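I opened the model today to look up how its parts are arranged. My notes follow in the order of looking.

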Amino acid sequence: MIEDLVTTGKSVFESVAALRERGAHVDWCLAIFTYNPATIGAILGAEGLGFTSLSDITTLLEVGVRGGHLTEGDRSAVVEWLADPKAWSAAAEERLTAAS
């Protein structure tokens, strides 16, 4: 099956189940984009699905920096957000509050 974006794998599992109920043989998922291909590959692999992605967040950030569309600081901010979105958001909120 082909997905535009795979984040948690939940929609992949739901779609695969629906297709298999109707007799389809589904053993691979191709995503156009994902944030963490290794994690998603492991999650889907544990359920017998192969996984590959055309692009991921690391590649997108590298291309953005190389092309001059993002600064290294922009890239770092996104990487920090990916590591802990709640903590990053709280810290950003504190910075905004302090600046006003």
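The model is a predicted one. I began with the sheet: it is open, has three strands in the order E1-E2-E3, and its pairing is parallel. Strand E1 (2–6) and strand E3 (50–56) are at the edges with a single partner strand each, so one side of each has no neighbour in the sheet. From one strand to the next, the twist averages 30°.

Next I looked at the pairing of E1 with E2, which is parallel and runs over four bridges. In it, Ile-2 of the sheet stands opposite Leu-30 in E2.

Then I checked the helices on the sheet. H2 packs there and touches E1, E2 and E3, and its direction makes about 160° with that of E3. Helix H3 (residues 57–66) also packs on the sheet, touching E2 and E3, with its direction at about 15° to that of E3.

Which residues make up the largest nonpolar core? I listed 10 residues: Val-6, Val-12, Val-16, Val-26, Cys-29, Ala-31, Ile-40, Leu-44, Leu-49 and Phe-51. Helix H1 (10–21), strand E2 (28–34) and helix H2 (37–46) are the elements that give two or more residues to this core.

Last, I turned to Thr-34, which is in strand E2. Is Thr-34 buried or exposed? Thr-34 counts as buried because its relative accessibility is 0%. Beyond four places in sequence, its contacts include Leu-5, Val-6, Ser-53, Asp-56 and Ile-57.

Conventions:
Residues are numbered from 1 along each chain as its sequence is written. This is a predicted model: local features need pLDDT of at least 70, side-chain atom pairs count only at pLDDT 80 or more; totals for chains, interfaces and linings use all residues. Side-chain values use heavy atoms; hydrogens and water are left out. A nonpolar core is a set of buried Ala, Val, Leu, Ile, Met, Phe, Trp, Tyr and Cys residues joined through side-chain atoms within 4.5 Å. Buried means under 20% relative accessible area, exposed over 50%, partly exposed in between (1.4 Å probe, protein chains only). Contact means heavy atoms within 4.5 Å. Two strands pair if DSSP finds at least two bridges between them. Axes are lines fitted to C-alpha atoms, for helices over the stretch in contact, and angles run from 0 to 180 degrees between N-to-C directions.
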